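Q: I have a structure open and would like to talk it through. Could we start with the charged pairs and then move on to the ligand?

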Amino acid sequence: MKAVICTKYGPPEVLQIQDVPKPIPKDNQILVKIVATAVNSGDVRVRALDVKGFMKTVMRLVLGFSKPRKPILGTVFAGIVEQTGKNVSSFKIADEVYGVTGFKFGTYAAYIAVSDKSVVVKKPTNATFEEAAAICFGGQTAYYFLEKANVSKKANSKILIYGATGAVGTAAIQIAKYHQAEVTAVCSEQGQEVVKDLGADKIILYNKEDFTKTAEKFDVIFDAVGKITKRQCGHLLNHGGIFKSVEGFDMASEDIKQLEFLRELFEKGKYKATIDKTYSINEIVAAHRYVDIGRKKGNVVIKIGE
Ligand SMILES: NC(=O)c1ccc[n+]([C@@H]2O[C@H](COP(=O)([O-])OP(=O)(O)OC[C@H]3O[C@@H](n4cnc5c(N)ncnc54)[C@H](OP(=O)(O)O)[C@@H]3O)[C@@H](O)[C@H]2O)c1
């Protein structure tokens, strides 16, 4: 089968399309024919080993010393169940599914075999495969951090989302709005139409206005791009307010509940897949070059096959 192999850590050109053996599902696994995946900020970070200081050594120990031990990168997929292991009862052939593999990677490929108990569920019925692949990474990360900030438990909270136009930011706006929060989105001029379309109540353009000087106060400040600190903006928090950031040691963990939540929202028409660009698997290097720039609006999708 066709797969993208990360031959070593480095620039996008280290990625090569190769022919590798098609996985054979074990008794507890399903074989998914992947229709779409996405290039996420986490993927380019792993490919380039783009972490600071001692974390580089930690990442080499975790991922592989000079190249990823798991050479097929990619952590999200949407596709069709082609085969089921003999102990699998929760999925059947032809089910349309979407899932997240996290540190197991492996989704830049025509097929993947995953446990039926892993983070894989039926995809939203009204989503295309491209949309389903697009909503996983940002959706599950935003869900994780907003839950930690208790956004689902407090109606009408006021939340400021800094870096509202990335995969995580666009997801956070929609999840916060679903929980009836009043959302102030901080983004560049190029992103304002995107955040308006997703339901942001107020917009601060960071290239025109210093958001730390706003007179408003917030119950939650969520830095969805890891570019600000609590020290910079803590004075904007109400008493008991919470600051969360994607930067730091707190790693969003993925689970089935998050994907089921996103499916429910998508099917209710309360969640959109913000897709900036779509590439074919043959254009993986170009897709990585684009995501490397760090200015994508929402998500970059890779079409693999149908
Ligand atoms: N801790 C975790 O578990 C976890 C999980 C997932 C992701 N992350 C991290 O979260 C960050 C965001 O991820 P992502 O996938 O959403 O990234 P992304 O989609 O690549 O984010 C790109 C967006 O960020 C905006 N941006 C760039 N610089 C900005 C700045 N200085 N101020 C405000 N906005 C800025 C860009 O818009 P403009 O250039 O137009 O402003 C662009 O829309 C990454 O650093 C990623 O590593 C952490």
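Q: How many salt bridges does a search of the whole structure find?
A: The search finds 18 salt bridges, a salt bridge being a side-chain nitrogen of Lys or Arg within 4 Å of a carboxyl oxygen of Asp or Glu. Please keep in mind that this is a predicted model, in which local features need pLDDT of at least 70, side-chain atom pairs count only at pLDDT 80 or more, and totals for chains, interfaces and linings use all residues. Residues are numbered from 1 along each chain as its sequence is written, and side-chain values use heavy atoms, with hydrogens and water left out.

Q: Which residue forms a salt bridge with Asp292?
A: Arg47 does, with the closest N and O atoms 2.9 Å apart. Asp292 lies in helix H8 (residues 284–292) and Arg47 in helix H1, so the pair ties together parts that are 245 residues apart in sequence; helices here are DSSP runs of H or I with at least four residues, and strands are runs of E with at least two, numbered from the N terminus.

Q: Is Arg47 buried or exposed?
A: Arg47 is buried, at a relative accessible area of 2%, whereas Asp292 is partly exposed at 36%. Buried means under 20% relative accessible area, exposed over 50%, and partly exposed in between, with a 1.4 Å probe and protein chains only.

Q: OK, switching to the ligand: how many residues surround it?
A: There are 25, and the closest are Ser41, Ser188, Ala252, Arg295 and Lys296; a residue counts as near if one of its heavy atoms lies within 4 Å of the molecule.

Q: How far is the polar side-chain atom of Ser188 from an oxygen atom of the ligand, in Å?
A: That distance is 2.5 Å. On the backbone side, a polar atom of Lys296 is 2.5 Å from an oxygen atom of the ligand, and a polar backbone atom of Val246 is 2.8 Å from a ligand nitrogen atom.

Terms used. Polar contact = N/O pair within 3.5 Å; in protein donor to acceptor, adjacent residues only side chain to side chain.
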